[in-house]
Amino acid sequence: MVFSRRAALFSGGSMLLFGGIGYRLWQLQVRDHEDYQVRADNNRFNQRVIVPLRGEIYDRFGVPLATNRQNFRVLLVAEEVKDIAGTLAEVSKIVDLTPQEQERVLREVQRKRAFTPIEVADNLSWEDFAKVNFQGPKLRGIHTEVGYTRDYPFKDQTAFVVGYVGAPSDVDIDAVGDDEKTERLLRQPGFRIGKAGLERSHDEELRGKAGSTIVQVNAHGRVIEEYPNESDKSIQGGTLGLTIDAELQMAAMEVLARPVIEPKEGEEPEKISASAVVMDVETGDVIVMASTPAYDPNEFNVGIRQSLWESLNKDPLKPLINKPLAGNYPPGSTFKLITAIAAQEAGIKPSHRVHCGGRIWYGNRYFNCWKRGGHGTLDMKGSIKHSCDVYYWDLAQRVDIDKIAEVAHRFGLGETYDLGIGNQSAGVVPSREWKKNYFASTPERQTWFPGETLSVAIGQGYVTATPLQLAVMTARIATGKQVQPRLIRAHADGVVPPPASPDINIKLDDLIAVRDGMNAVTNEWGTAARSRLEDPDWQMAGKTGTSQVASLQYDARGNRIKNEDLPRHLRDHALFVAFAPYENPKYAISVVVEHGSSGSGAAGPKARDIMKAVTAKNPSALPGFNPATDEPVKMASLAYELPASTNPGGGSR
Amino acid sequence: MNTLVLPDRRGGLRKNLAAVNWWLVIFLSLLAATGVATLYSVADGSWTPWAANHIMRYALGLVILMIAAFIPLRFWLSLSYPAYFFSLGLLALVPFIGEVNMGAQRWIVIGGFQLQPSEIMKIALVMGLARYYHGLDFKRVSNPFYLIIPLAMIGLPVGLVFLQPDLGTAILLGLSGVVVILLAGLSWRIVIVGAILGLMGVVTVIQMDLIKPYQIERITSFTNPDADPLGAGYHLAQSKIAIGSGGVTGKGYMNGTQSQLDFLPEMHTDFIFTIFGEEFGFFGTVALLGLYLAVFLIGTNIAMKAKSHYGRLVTMGICITFISYVLINTGMVMGLAPVVGVPLPLVSYGGTVMLTMMAAFGLVMSTWINRDQDTLRTSMSYYGRIN
């Protein structure tokens, strides 16, 4: 019975294989069931990140400097539309859509899944948005959405304080490390992180906390159902209240940008590259930190156009440099204040008199005072009032460079401050030690020569400082306290009390002579008599500075070429520092006009005009904004106008 | 070669119906009902496009089964060679008038009906081979000379199906052919030699690049589907997740997340077992396997009881073809066999498989009804065999 044997063999074999199938089913459905259950759930449940609203930045009175503007967007869902090009044509009747933009949408339709919304247009005006909504039922597949974009209402005016946001780069995402949720947040389309200024340094505080929601998706990624996660809601980032006064900041920007020389008929007014810092001398609050020209941070938010970036980068006025913090200038005669204090600490009395004949012989050459005919005989106050170089060359021969450096540091030069804004320059306060380090690779140049002290004594040579440092120096001279500048005055939970400023280790008498000299500069027909403040309650004491950029330039006959006849980039920098009122000081200011030729001509009047605005408002005396209790100021209720757009051509639709 | 055929027993319809093996009909109907229910779920609770059609096809299949059952076995015997050559002809037509579907030419359209000749061939080949061995003296079965014709009968359709290309069906076809030869009593020595030769043949085929890359990929992917979840192994990984997540009791009818959310491919045809497994769990799948096993055992029983050599060869061949469908299909969706495109008979949606399977079980039924008759009483070979 061959057949029966074989048939039985096959039946048995088949049943054996059936057993195998059954065993496999047991493996999958009984033994490993839980594992597969998890994998099935992973398949269909996705965690979606909910992007938190970014914290807002306000000035000291609650005026918004960085906010989240509603962004009206038009989206298209391809699977709902039969004729995409036709629909786009319909939309373009309401919203201005260039053929290129329509093509971009069509390209994205090809690339993305049919149910993924594609952005057709964003930043719509309210009217256009309302029109699209009104037409909605007719425009199948066209959806509207209200998102948020970062908005800087003061545009370029506060650019260097606030900074800007941008899409996270690969480097930013790599820096997150193992935090998967943060990484996913950073990868959300449209998510922005701080790229510069306070937006960058306080990014973590401003960013807020991402929430999450669970969505059930099908195999194609389409969301079938959404389950909100009550315990993991997104939380808006913290508010920042700054020390800046937006109104005064705008005033300062306007003053700084004014041409120094009145433009002649039919001539383009000259472009100014300048910076100013105004500080409350008691609290250290930086009320104005202006740098002109600047850029519009709104341009960076959506990704700056290449052409604009290049023109900003190539501009000789350097609109991308935050000059109050990163501008490194020889302080010129403003440094004489430090030299004078150092000399007194070295035992020289303010009554010390020096005769200025216009020049002195030192080493192997003449040193020429800025005034060719000489100043005659001056005491210390007079030397400040007239900014006599010879007087300080005399002091330089009596005071050691290391003493000068030590005083300079004590008054805030050569230091950086915790403002939360990077790229601060420390400036240079030269000393023997400094020179040794600076020329570490060339030992033969490490020796300090007494002649170099002469240059430093009048703020030339190696010494450099930033406008912020000069403002701090002035505030410290005005108060005798170790004033620390600050930009943040409040967080979401309330106002931060200003840090205590301990007294500077100095004899008050040593400061009085310097303050007297500064008073004489403006109020007793000194070098900046034109920059005097008339208000008797707000008498301003100042010091001019004109610092050489290059070695002195001489013409063929050996005469010094006047600044006005030099090319712009060789002209002297103009500086002015001041505090007001002279009695009981409240505010300190420093102004630097790059290549402004003369401290008294270019910087002094600007400082005067800014200080006039500051003292007229006296912001420190007004109640400040407390984010924990106060409502922010509504833009519409501002007593002053917002800046006009810096680039009338592009930007918003 | 023609034989003397004795007149059939005459009987009324009632007598015939009484002779029908109703257990076989019941289990086949349960399988078809499982198919209908699953197809209804796959379509998200809709009779269209599959479930209603499936019912109609099964009804038609049942009619065909009954007609085939009442056709005398000797008539089937005489029809075997014509059926074989007819099917071979259809297969040969495929390259010329076939429809291309998913990169393979498998379908031809005749009178508005889509036909898959390779599926018809599976039954026709069994019939043809059974017919050959029915007329062959048992002493000659293991004579290599008499192996030439059956091997050619297998080789021709297998080659044609392989060229479509449909590797899965080609393998199944060859398998059922070889099974019939083995059932006929081929000596194991020759089987071993043949197996070695066959292995060498497979190696040659692979080395000559006759197998398309996607076929190799499909075959190799089942060994490690997780390595490339979105590529060749994606479907397999998803189908294992579906079956495994079903657990012991299943997610409930129409509640399979894997299937309702489109994670599974070809849910209404080759991967229907995964949806069933997801929704009905281990109890459901074991019960379904039980139904198949029941059909198989009923068929085997019929083959054992049949006196006709043709009848028992055909019945056993059909049963083994049927069960290899089930084994390969379930094995493939669970990662035990390569994904080769074999449907789950009577449950998967597909007209040709359904109707040929039902026709084949009609033949089995005919064998059952005529089990006491020997179709070739006068043949010399018959006496040689029973000794």
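**View 1. Polar contacts between chains B and A.** In this predicted model, nine residue pairs make polar contacts across the interface of chain B and chain A, both partners at pLDDT 80 or more. A polar contact here is a pair of N or O atoms within 3.5 Å, one able to donate a hydrogen and the other to accept it, and residues adjacent in sequence count only if both atoms are side-chain atoms.

**View 2. How much gets buried.** Chain B and chain A bury about 3,700 Å² between them, with 73% from carbon and sulfur atoms; that's accessible area (1.4 Å probe) lost on being put together, summed over both parts. Leu261(B), Phe282(B) and Leu327(B) supply 16% of what chain B buries against chain A, more than any other three residues. The contact (heavy atoms within 4.5 Å) takes in 50 residues of chain B and 34 of chain A.

**View 3. Helix α3 of chain A.** This helix (a DSSP run of H or I, at least four residues) covers residues 84–94, and its buried residues (under 20% relative accessible area, 1.4 Å probe, protein chains only) are Ile84(A), Thr87(A), Leu88(A), Val91(A) and Ile94(A). Seen down the axis of α3(A), they fall within an arc of 100 degrees (directions from the axis to the C-beta atoms), so they line one face. At the N-terminal end, Asp83(A) is the cap, with a side-chain oxygen 3.5 Å from the backbone nitrogen of Ala85(A).

**Notes.** Residues are numbered from 1 along each chain as its sequence is written, and chains are lettered from A in the order written. Local features need pLDDT of at least 70, and side-chain values use heavy atoms, leaving out hydrogens and water.

Note on methods: Buried means under 20% relative accessible area, exposed over 50%, partly exposed in between (1.4 Å probe, protein chains only). Helices (H or I, at least four residues) and strands (E, at least two) are DSSP runs, numbered from the N terminus. Buried area is the accessible area (1.4 Å probe) that two parts lose on being put together, summed over both.
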